[in-house]
Amino acid sequence: MTRDLQGKNAIITGGRKGIGRKIVECLAERGADMWVCSHEKSVEFERDMKELAQKHQVRIETVYFDLCNETEISNQMKYILQQKRSIDILINNAGMAYGGMLAMQSMQMLKETFAVNFFGPMQMIQIVSKAMMRQKSGNIVNIASVSGCENYGGNISYGSSKAALIWATKEMSKELAPFGIRVNAVSPGMTNTDMGNSRTEKQQTAMLERIAMKRIAEPEEVAKAVMFLISDEASYINGHNLVVDGGRLNH
């Protein structure tokens, strides 16, 4: 594995498990130092990050905040910026899945889903992009979802929040490009994570029928898409939503 990210610093949210944990591992393998953000503090997570840092000889610092809390986000980003290190990569990975028909949704849960999936990432980008603008370079990747690309009943909260994130990605790519900052999104389909496996067996079977490859993605396959977008090989890709869904039949 080439260490082409050595000397680079990354911020990633939701790095404790699933796709986020695999992205952290890929970044470490390629030599990036990073701040890994999570909502939940645990001994296991701290140990895991310490072992990963030692294995790949990189610097990993854990940071904790609630994406629904603007003050916590602001304070922790201020803490990171005070370290006076370049911020080369921002990966907004943390997400919240909440399904159901609109008639059955509470406004509180709708707001919370948007806070985690959209408003939190927007605040992160607003703060971090200012540092990237000063250094005239940066890479931002938002983890969206195929749920934000297509419509089907019972997905109003999650799908709408991810659709908003995809649209904002395209908008921000135009605003930030003059400063040497690229902004892209990755939209995974069904993935082998706690979130992806939370569906019933009947729902899983129905979903597999819609996937041309007839299997779900592994977290590493999504992480590799992120690695491509932050690499020099993707230097002319900006404002793109890279769909990683195995060929969903109606997509």
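Predicted model: local features only at pLDDT ≥ 70, side-chain atom pairs only at ≥ 80, totals over all residues.
## Aromatic pairs

A pair of aromatic rings is described by the distance of the centres and the angle of the planes. The count of aromatic pairs in this model comes to four. In one of them, the ring centres of Phe 45 and Tyr 64 lie 6.1 Å apart and the planes meet at 80°; because an angle over 60 degrees counts as edge-to-face, the pair is assigned to that class. Phe 45 belongs to helix α2 (residues 43–56) and Tyr 64 to strand β3 (residues 60–64), so that this pair links distant parts of the chain, 19 residues apart. Phe 45 is buried, with a relative accessibility of 3%. Tyr 64 also counts as buried, because its 19% is under the 20% cut-off.

A further pair is formed by Phe 118 and Phe 119, whose ring centres are 5.2 Å apart; their planes stand at 70°, and the pair is therefore edge-to-face. Phe 118 is buried, at a relative accessible area of 16%. Together with Phe 114, Phe 118 and Phe 119 form a cluster linked by ring pairs.

## Cysteines

A disulfide is a covalent bond between the sulfur atoms of two cysteines. The structure contains zero disulfides. For Cys 37, the nearest cysteine sulfur belongs to Cys 68 and is 15 Å away, and Cys 37 is in no disulfide.

The accessibility of two cysteines can be stated. Cys 37 has a relative accessible area of 2% and is buried, whereas Cys 149 is partly exposed, with a value of 32%.

## Helix α3

Helix α3 comprises 12 residues (residues 70–81). At 1.5 Å a residue, the helix should span 16 Å, and the 16 Å between its end C-alpha atoms agrees with this expectation.

Which residues of α3 are buried? They are Ile 73, Met 77 and Ile 80. Viewed down the axis of α3, the buried residues fall within an arc of 55°, and they therefore line one face of the helix. The elements that cover these buried residues include β1 (9–13), β2 (33–38), β3 and α4 (107–135). Thr 71 and Lys 78, on the other side of α3, are exposed.

## Val 222

Val 222 is located in helix α7 (residues 219–230). Its relative accessible area is 0%, so Val 222 is buried.

Apart from neighbours within four places in sequence, the residues in contact with Val 222 are Ile 19, Val 186, Pro 188, Thr 191, Ala 217 and Val 244. Gly 189 stands 33 residues from Val 222 along the chain, and the C-alpha atoms of the two are separated by 9.2 Å.

## Thr 193

Thr 193 is placed in the loop between β6 (181–188) and α6 (201–209).

Once neighbours within four places in sequence are set aside, Thr 193 is in contact with Gly 18, Ile 19 and Pro 219. Between Thr 193 and Gln 57, which are 136 residues apart along the chain, the C-alpha separation is 27 Å.

Methods
Residues numbered from 1 in each chain as written. Heavy atoms only, no water. Phe/Tyr/Trp six-rings, centres within 6.5 Å; stacked < 30°, edge-to-face > 60°. Helix = DSSP H or I, 4+ residues; strand = E, 2+ residues; numbered from the N terminus. Buried < 20%, exposed > 50% of the residue type's maximum accessible area, 1.4 Å probe, protein only. Disulfide = S-S within 2.5 Å. Contact = heavy atoms within 4.5 Å. Expected span 1.5 Å × (residues − 1). Arc of directions from axis to C-beta.
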